[in-house]
Amino acid sequence: MIGTGSASALFRRDMKLAFRRLGESLLPLFFLFTVIVLIPLGVGPGPNLLARMAPGMIWVAALLASLLALEHLFRPDLEDGTLEQWFVGERSVYRRVLARLFSHWLITGLPVILFSPLAAEMLHLPRHALGTLIISLLIGTPALSLLGGLAASLTLSTRGASVLLSILIFPLIVPLVIFATGAVSMAADSLDPNAHLGLLAAFTILSLTLAPIGIAAALRMNLE
Amino acid sequence: MSRLLEAHQLEFHRYGNPVFRPLDVALQAGRAIVLTGPNGVGKTTLLRLLAGILAPVSGTLQHNARVAFVGHLPAVKGDLTCRENLDYERRVGPPGLELAEALAQVGLAGLGSRPSRALSAGQKRRLGLARLLVRKTPVWLLDEPYASLDDAGCAGVDQLINRHLADGGGVVLATHQRHPRVDASQLDNIVLQAGIVEDEQQ
């Protein structure tokens with residue numbers, strides 16, 4: 001009960017902070033928008049070409065948007081001392097880690113999902129694949145936050161962490177992108193995408209079970 | 001008397017060297033423990049161990065009551081107002097004093113709606129102390145609570161500590177500037193010795 005209280009208090013504060021720094025919070029979404037608008041200008045507006053590239057582009061843009069906010073996931077809390085307060089008299093910070101990751105997802109993952117129908121239309125993704133795109137984003141973007149959180153917590157007290165962070169997260173998200181874009185491409189070709197979506201869900205469930213434990217341990221290590 | 005916090009043969013290593021000799025700490029309700037010793041002997045490390053932020057290399061630590069820790073960092077968000085910062089603490093719970101009352105007790109009355117980024121170092125310190133009042137935490141672990149406070153602020157800290165001890169709480173504080181003005185019968189001292197690392201290397 002007490003753990004839940006502290007996690008919901010943290011979530012409320014994170015949301016308050018996100019709205020206070022609205023410009024910073026909207027940056028990932030703006031980034032996504034820029035990528036989706038600029039790439040057709042770069043590769044030419046042919047509908048067939050764009051439609052083939054659409055799943056990959058939307059997913060890579062979602063990934064980069066998520067990466068962009070990772071640097072701020074735990075570092076401000078480390079610097080102002082609120083992170084060490086998580087551990088005072090607590091045996092487990094599991095719920096707080098989950099609360100923090102949930103707010104990260106709300107800021108980076110959810111806007112991408114809300115924006116995805118527009119992006120799909122701009123890239124000429126076949127209409128019947130839109131549902132699969134949204135489902136793949138719904139299942140997959142939480143895993144981006146979870147794995148990103150793991151990389152961010154591991155590199156918390158490292159100098160020049162952004163490079164290391166990107167290198168660490170890269171191999172972890174390769175399967176995610178393969179299954180997700182695979183599902184959308186199959187749906188675009190009017191094939192059954194459920195096998196890919198199932199594997200994607202398994203991947204997310206695996207990271208949901210393991211990543212918060214790793215993050216909690218890595219955070220404590222960084223407080224020494 | 002009940003023990004709020006018990007540590008037995010607590011040990012911590014930094015870069016493979018012990019920071020201090022294995023320590024026993026027992027905090028009774030209504031008593032204060034003062035940690036003294038020169039810079040770098042591990043006062044902060046010991047407090048962070050007692051808070052549970054650091055995991056000891058060996059030894060046992062038992063919290064029999066809720067713990068609060070005020071360290072060098074104020075642990076407040078600069079983008080939030082003083083009230084919002086305290087409101088967060090109060091929600092973590094269990095709730096103690098009302099926000100306005102807590103702000104008044106640390107001398108920040110009327111500054112509730114100011115962003116805490118705009119506070120001076122001393123005022124931030126006071127806000128950090130106000131965090132102790134909005135939650136009910138019998139054990140207070142204070143790292144240099146008098147740092148960057150003026151005379152009135154230091155007297156205010158003594159008053160907070162005395163009131164907390166009278167309410168059956170316990171305090172462990174590290175200081176090398178000023179001793180808390182607390183009745184001597186309620187006070188225990190732990191003096192950390194300097195240089196045990198160097199001693200072993202010679």
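Which domains does the domain assignment give for chain B? The assignment gives domain 1 (1–65 + 139–202) and domain 2 (77–137), with bounds that come from an automatic or database domain assignment.

1. **Basis.** This is a predicted model, in which local features need pLDDT of at least 70, side-chain atom pairs count only at pLDDT 80 or more, and totals for chains, interfaces and linings use all residues. Residues are numbered from 1 along each chain as its sequence is written, while chains are lettered from A and ligands numbered from 1 in the order in which they are written.

2. **Domains of chain B.** The C-alpha centres of domain 1 of chain B and domain 2 of chain B lie 23 Å apart. Between them, 12 residues of domain 1 are in contact with nine residues of domain 2. Contact here requires C-beta atoms, placed from the backbone, to lie within 7 Å. On the domain 1 side, the elements giving two or more residues are strand E8 (139–143) and helix H5 (151–166) of chain B. H5(B) gives the most, with five residues. Helices (H or I, at least four residues) and strands (E, at least two) are DSSP runs, numbered from the N terminus. The domain 1 side divides into eight nonpolar, three polar and one charged. In this scheme Ala, Val, Leu, Ile, Met, Phe, Trp, Tyr, Cys and Pro are nonpolar, Asp, Glu, Lys and Arg are charged, and the others, Gly among them, are polar.

3. **Helix H2 of chain B.** This helix spans residues 82–92. Eight of its 11 residues are buried, so H2(B) is largely enclosed by the rest of the structure. A residue is buried if 20 or more other C-beta atoms lie within 10 Å of its own, exposed if 12 or fewer, and partly exposed in between; C-beta atoms are placed from the backbone. The buried set is B:Cys82, B:Glu84, B:Asn85, B:Leu86, B:Tyr88, B:Glu89, B:Arg90 and B:Val92. Just after H2(B), B:Gly93 takes a positive phi of about 70 degrees.

4. **Chain A against chain B.** Here 21 residues of chain A are in contact with 24 residues of chain B. On the chain A side, helix H1 (2–20) and helix H4 (82–87) are the elements that give two or more residues. H1(A) gives the most, with eight residues. By class, the chain A side has six nonpolar, six polar and nine charged residues.

5. **H3 and H7 of chain A.** Helix H3 (residues 47–80) and helix H7 (residues 161–188) have axes that come within 9 Å and cross at roughly 150 degrees. Axes are lines fitted to C-alpha atoms, for helices over the stretch in contact, and angles run from 0 to 180 degrees between N-to-C directions. H3(A) and H7(A) are therefore roughly antiparallel to each other. Angles under 35 degrees count as roughly parallel, over 145 as roughly antiparallel, 65 to 115 as roughly perpendicular and the rest as oblique. Residues making the contact include A:Trp59, A:Leu63 and A:Leu67 of H3(A) and A:Ile169, A:Ile173 and A:Val177 of H7(A). The contact residues divide into 13 nonpolar, five polar and one charged.

6. **H2 and H5 of chain A.** H2(A) and H5(A) pack at an angle of about 20 degrees, with axes 10 Å apart. They are therefore roughly parallel to each other. H2(A) passes H5(A) in a right-handed crossing. Among the contact residues are A:Leu29, A:Leu32 and A:Ile36 of H2(A) and A:Val112 and A:Phe115 of H5(A). By class, this contact has 10 nonpolar, two polar and no charged residues.

7. **A:Phe33.** This residue lies in helix H2 (residues 22–43) of chain A. A:Phe33 is partly exposed, with 18 other C-beta atoms within 10 Å. A:Phe33 and A:Ile58 are 25 residues apart in sequence and 9.7 Å apart in space, C-alpha to C-alpha.

8. A:His124 is not a glycine, yet has a positive phi of about 60 degrees. A:His124 sits in the loop between helix H5 (94–122) and helix H6 (130–154) of chain A. With 18 C-beta neighbours inside 10 Å, A:His124 counts as partly exposed. B:Tyr15, also not a glycine, has a positive phi of about 50 degrees. B:Tyr15 is in the loop between strand E2 (13–14) and strand E3 (17–18) of chain B. B:Tyr15 is exposed, with 6 other C-beta atoms within 10 Å.

Key. Contact = placed C-beta atoms within 7 Å. Left-handed = near helix turned anticlockwise from the far one by under 90°.
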